[in-house]
Amino acid sequence: KANKLQYYNNPMWPGETHSLKVEKILYQGKSPYQEVLIFESLTYGKVLALDGIVQLTDKDECAYQEMITHLPLCSIPSPKKVLVIGGGDGGVLREIARHGSVESIDICEIDQLVIDVCKDFFPDLSVGFKDPRVRLHVGDAVEFLRNSPEGTYDAIIVDSSDPIGPAQELVEKPFFETIARALRPGGVLCNQAESMWLHTHLIQDMLSICCETFKGSVHYAWASVPTYPSGAIGFLLCAKEGPPVNFLAPINPIEKLEGAMTAGRDIRFYNTEMHRAAFVLPTFAKRELEAY
Ligand SMILES: NCCCN[C@H]1CC[C@H](N)CC1
């Protein structure tokens, strides 16, 4: 029906659908890469959907943007150079901006339309683009990484959509190898890593690629995001060989970050206990995901 966002045959969650009632359509368009839809929901605020898949909502975006950013950045001493792959809504940029040690923030987003519409409809996220440290590159991430000098970044955050659209190549080995090359020794990657309820095979493939490619520590963490399929989303934390990184014991206390925020929302989800808890897995997931 026109007023429901339904998706029964998505190969990422066959036979499942995740629907939010559309109160009012705010924007509908198509870029060379995907369909872009923004609508007002009944209880989650504004919603961004790409090819019919919920990417973020006003109500629960904090869980994903804060965890994907602070899990890596609070695990290494004073991160200076950070790269975001994807993340065109600006939410991850807003979170990185809380870290006073950061000197430059590169972002490589393939779809200019996502950037433009989020600037119009999600000012609380796109505020991230206003930070003077941000340098925007619109284009393909593999290309961008190939042209990045070796050992450039302290941290790389891959804030991708599902690997069945433009993000397809962001789960393949060559991509992870270009990421490892762009990280400095002891540098860290935090990758969007799908759901432990739905995607253990995909996560296992990513885990084995990352264990071969990064040779430092590799851990799976997760958070609850009600509007993502299964209500949970994972993060793959990888450290390139070099100075050891202990993801499970954050060294940058969140309190130090609170004041650093230039504009936009206060922290609503991340804290040091949630950081530690994110790496605690249910038994089925320990069996399937910790064997690496
Ligand atoms: N920056 C917006 C979040 C994009 N992350 C993905 C959205 C779609 C989900 N199925 C998986 C995470």
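Q: Which side chains does a polar contact of 2.5 Å join?
A: Those of Ser 31 and Asp 111. A polar contact is a pair of N or O atoms within 3.5 Å; within protein, one must be able to donate a hydrogen and the other to accept it, and residues adjacent in sequence count only if both atoms are side-chain atoms.

Q: What kind of model is this?
A: A predicted one: local features need pLDDT of at least 70, side-chain atom pairs count only at pLDDT 80 or more, and totals for chains, interfaces and linings use all residues. Residues are numbered from 1 along each chain as its sequence is written, and side-chain values use heavy atoms, with hydrogens and water left out.

Q: Where is Ser 31?
A: In the loop between β1 and β2. Strands (E, at least two residues) and helices (H or I, at least four) are DSSP runs, numbered from the N terminus.

Q: Is Ser 31 buried or exposed?
A: Buried, at 9% relative accessible area. Buried means under 20%, exposed over 50%, partly exposed in between (1.4 Å probe, protein chains only).

Q: Back to Asp 111. What does Asp 111 cap?
A: The N-terminal end of α3. A side-chain oxygen of Asp 111 lies 3.0 Å from the backbone nitrogen of Leu 113.

Q: Which residues of α3 are buried?
A: Leu 113, Val 114, Ile 115, Val 117 and Cys 118, in a helix spanning residues 112–121. Their cover includes β1, β2, β3, β6, α4 and β7.

Q: New topic. How do β3 and β4 run?
A: Antiparallel, joined by four bridges. Leu 48 stands opposite Leu 56 in β4.

Q: Why is β4 largely enclosed by the rest of the structure?
A: Because five of its five residues, 53–57, are buried.

Conventions:
Contact = heavy atoms within 4.5 Å. Pairing = 2+ DSSP bridges.
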